[in-house]
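Me: I would like to learn how to read a structure model step by step, beginning with the chain as a whole and ending with a single helix. Could you take me through it?

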Amino acid sequence: MNILILGAGEVGFHIASRLAAEGNNVSVIDNDAEHLQRVADSMDVKTVFGHAAHPSVLEQAGAADAELLIAATTNDEINMLACQVAHSLFKVTTKIARIREPDYINAIGLFGRDDLPIDLMISPEKEAANSIIKRFQITSAVDAQEFADGKVQLLGMHIPPKGELAGVDFKELHEVLGDLPIYVVAHERNQHWGIPKSNTVLLAGDRIYVAVATSDVERLLEKVGCDTSQQRKHGRKVMMIGGGNVGYLVAEALEKMDVDTCLFECNPSRADWLAEKLHHTHIIKGDALDRKLLEEEGIENVDDFLALTNDDETNILGSMIAKKYKVAHIITLINRGIYNELSHEIGLDVTVSPRLTTTSTILRHIRKGRIFGLSSLGDGSLEVLEAEALKTSAILNTPLKDLTLPDNTIIGAVIRQDQVIIPNGYTVIEAHDHVLLVSQGNNLKEVEKLFEVRLEFF
Amino acid sequence: MHLKGVFWTLGILICLFGISMMVPAAISWYYKSGHSLQFMLAGGMTAGFGGLLQFFGDRPKRLSHKDGFLIVVLAWVTLSILGAIPFWTTGTCTNLVDGLFESTSGLTTTGATILTDLEHTSPAILFWRSMQEWLGGMGIIVLAVAVMPLLGVGGMQLFRAEAPGPVKDKLTARVTETAKALWYIYLLMTIVAALSFWVAGMTLFDAINHAMTTVAIGGFSTHDASMGYYDSLWIRGMCVLFMFLAGINFTLHFAALRKGFHLKTYFFDDEFRTYLKWLSSLIVLVGLFTLATQKGTWDEVIFNAVAVATTTGFAVSDYAQWPPATSLLLFVAMFVGACAGSTGGGMKVVRVLLLFRQGMREIHRLIHPHAVIYVKINHQSVSPTVMQALWGFFVLYMVCFMTVAILLASTGVDILTSLSASAACITNTGPGFGDVGPASTYTSLPDLGKFILLFAMILGRLEIFTFFVLLVPEFWKR
């Protein structure tokens with residue numbers, strides 16, 4: 001497939017590398033030679049230097065043969081215009097644009113085939129804010145990903161030292177948890193992620209991902225002993241640092257919940273702007289790393305700490321300071337890939353990366369068809385796939401224990417119409433079930449074959 | 001300053017006012033009460049005077065904001081004087097000050113009266129009182145801007161100087177259209193009120209009179225017992241409803257009507273919600289005290305509380321006889337008044353709300369010294385300039401209230417009467433407590449006292465600043 005990517009910033013770079021690695025013909029356009037060089041050096045794509053919306057530049061990049069255009073420059077107007085140009089002059093079928101400005105996103109009737117021809121709008125800040133809010137709602141867990149329209153969750157959690165799960169092997173898990181149906185789909189020890197074997201014993205400090213029906217999440221957290229008591233408390237006290245776009249969106253969402261938020265912003269005019277726009281959030285003008293200021297606002301009594309500035313280092317330092325004050329739940333926004341990999345060493349519990357969330361949203365859209373969801377777990381070596389089992393599929397009508405799946409692949413959940421089934425050995429998959437699979441490494445292609453699913457693009 | 005332009009504009013206003021006197025003349029002719037000639041003469045004199053002013057003035061090309069202040073203040077003063085002519089010539093008021101008092105009280109929608117034995121007063125005079133309130137309610141200058149496109153040039157300057165409230169918005173692109181829209185709503189409300197009263201059992205004449213004084217939040221009645229004359233829950237209920245409606249910002253009525261009577265529009269407004277909460281808590285509090293001492297009934301409580309809180313000044317019973325706590329509550333209610341942009345008086349709910357929020361803000365600031373906090377209304381921050389103007393207004397309002405009360409006391413009036421008369425006049429409510437309570441009139445006050453109250457009423461109606469700005473020497477400098 002021929003794909004055009006406009007803008008070689010963080011998002012553009014990451015998507016280009018993912019798509020190129022999957023064997024697509026990717027062209028990247030940017031007007032910054034250095035960025036282009038970085039792209040050209042690290043992956044096998046064509047690079048074109050120039051203004052991303054100019055017809056001549058697009059033509060040079062091969063827009064006439066492109067089936068997909070992803071406009072991910074930092075400028076909304078250029079992205080929109082490029083989509084229009086690609087639509088009118090080059091008949092590019094699918095156009096995805098990154099749009100930051102909420103005013104554009106909320107304008108109903110602006111986008112459409114006869115209007116602005118954009119098929120999918122992506123706002124990295126909004127995506128990041130959404131995933132922060134999702135994690136905020138389940139702060140005891142390390143990570144939370146939703147599948148099947150939110151009916152199933154993959155919860156990533158630490159095994160607490162004195163909790164009920166420490167020292168339990170997977171066969172005994174059900175006895176510990178009673179009738180609560182869950183399925184452990186991934187396990188991490190010493191930085192190594194893998195698909196759990198039935199004889200694995202959980203140790204304190206390990207991390208696991210658990211497939212669980214969304215309705216059971218609270219019960220699970222209670223059982224595992226992830227202090228839900230604190231989380232349940234009304235009027236949770238939240239401290240946020242950074243009132244940029246992400247910070248603003250999160251604060252706005254928090255205002256609708258029963259929480260008491262205070263938001264630090266060091267830029268005085270931005271602080272004024274925030275105070276104007278937000279109505280229940282306390283806006284504090286000042287340096288987020290100023291100890292006196294943090295104590296003044298009572299960081300000792302804070303339940304949640306969200307570090308959401310534009311600067312990774314500030315976020316990391318802020319989170320560590322919060323940790324020193326024994327804040328129970330800390331969410332850190334990380335932009336650069338390297339920090340993401342280091343997050344565990346640094347001691348960050350929950351990190352959110354706008355780049356990763358944006359990329360996975362775009363990929364999910366591109367892969368629409370029989371595969372509904374796709375994302376990665378842990379450090380990215382495990383892939384999660386939500387797919388529909390077709391009538392012709394080989395996995396139908398056989399109990400799972402007798403089914404031969406590709407290596408290191410497990411089925412975490414089956415969604416039959418509106419019902420969530422956490423599978424055991426006797427579960428049988430029926431046609432049109434949605435299946436949530438977790439697979440390690442490069443087995444993805446094999447798994448897809450299993451479902452007789454081609455990567456259908458359009 | 002463009003004096004000739006000021007005179008010309010003033011001339012138009014006065015002419016208009018003179019012509020309006022023909023209505024009571026016609027009423028008098030219809031009821032054969034024998035005052036037609038007096039009204040025709042007064043009207044002729046007024047219109048003539050207006051014509052003269054116009055003859056010596058010049059049509060202004062543009063009006064500055066200073067001209068606006070001057071025109072508005074001069075208009076209110078001269079119209080109050082000219083409006084008194086019928087009271088003098090018909091012999092209703094034998095005293096110069098009494099006539100002035102009645103006329104000013106009408107125009108400013110105060111509703112304080114020195115007339116007794118209204119049942120035997122000629123219908124023309126009664127109608128003229130009500131009509132003066134009705135003209136003053138929405139603002140005679142707003143009316144002039146609405147019907148005289150010529151005034152469009154400086155219309156906004158005039159509009160700003162007369163309309164109540166801390167922030168004045170135009171509803172439409174052109175000020176003439178705004179003024180028209182306001183008057184249409186006002187007229188519509190008056191007609192509906194008159195029909196409702198009529199259907200509920202008043203005579204047509206009384207219904208029209210009461211509709212005009214209710215919607216204007218004035219409070220003149222055609223009976224000595226005020227609304228207490230009507231022992232009908234329907235009439236009282238209708239009256240409460242229309243006082244309540246007229247106490248709402250007309251901008252809100254306009255917005256709601258434009259969306260096809262959209263009720264949500266009201267509830268989105270902070271001021272309206274506060275107005276609603278304030279009225280209901282006032283009713284409950286006053287009700288508790290009153291019922292506990294068995295001095296009044298629920299319907300009396302509701303009627304009187306709404307009448308005082310909207311600064312109408314009707315009464316169905318003598319609430320001055322209720323326990324002292326209720327008197328104080330009602331006293332405070334006068335000051336809070338109705339919503340900005342309504343026909344009501346007082347300091348306006350929105351001002352009190354903003355001052356209160358400012359106070360809360362200072363408390364928050366003590367807890368969070370580095371926090372950025374704005375005073376907001378309808379989710380929008382209020383600019384510091386507006387807040388400062390608000391504080392200035394509050395202080396001047398209180399100073400005026402106290403000064404008037406002290407001056408009144410110095411004429412030999414007792415404390416309760418002078419305090420409450422000052423409050424009732426400056427907030428344009430009408431009845432106070434003591435000698436000027438709902439069961440009595442202002443007749444007993446000395447002439448000097450009445451004269452002082454004339455100023456209080458105009459001061460209150462023009463919301464202090466418009467009047468005071470003329471007293472500053474800088475205003476008169478070129």
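Predicted model: local features only at pLDDT ≥ 70, side-chain atom pairs only at ≥ 80, totals over all residues.

Me: Into which domains is chain A divided?

Reply: The assignment gives domain 1 (2-122), domain 2 (128-230), domain 3 (235-356) and domain 4 (366-450). To place two of them relative to each other, one can compare their C-alpha centres, which for domain 1 and domain 3 of chain A lie 32 Å apart.

Me: When I look at a sheet, what is the order of the strands, for instance in the six-stranded open sheet of chain A, and how are they paired?

Reply: Reading across that sheet, the order is β3-β2-β1-β4-β5-β6, with parallel pairing. The edges are β3 (46-49) and β6 (120-122) of chain A, each of which has a single partner strand, so one side of each lacks a neighbour in the sheet. Neighbouring strands here are turned by 15° against each other on average, direction ignored.

Me: Which strands form the open sheet of seven, and in what order?

Reply: That sheet runs β17(A)-β16(A)-β15(A)-β12(A)-β13(A)-β14(A)-β1(B), and its pairing is mixed. At its edges stand β17 (350-352) of chain A and β1 (371-372) of chain B, each with a single partner strand, so one side of each is left without a neighbour in the sheet. Strand β14 (residues 282-285) of chain A pairs with β1(B) in the antiparallel sense over two bridges, and I284(A) stands opposite A371(B).

Me: Turning to a helix, is α11(B) largely enclosed or largely open, and why?

Reply: One counts its buried residues: 10 of the 12 residues of α11(B) are buried, so the helix is largely enclosed by the rest of the structure. Among them are D206(B), H210(B) and V215(B), and the buried residues pack against α7 (123-138), α10 (175-200) and α12 (233-246) of chain B. Helix α11 (residues 204-215) of chain B reaches 16 Å from its first C-alpha to its last, close to the 16 Å expected. Just after α11(B), I217(B) takes a positive phi of about 50°.

How values were computed
Residues numbered from 1 in each chain as written. Chains lettered and ligands numbered in written order. Helix = DSSP H or I, 4+ residues; strand = E, 2+ residues; numbered from the N terminus. Expected span 1.5 Å × (residues − 1). Buried ≥ 20, exposed ≤ 12 C-beta atoms within 10 Å, placed from the backbone. Contact = placed C-beta atoms within 7 Å. Domains from an automatic or database assignment. Pairing = 2+ DSSP bridges. Axes fitted to C-alpha atoms, helices over the stretch in contact; angles between N-to-C directions.
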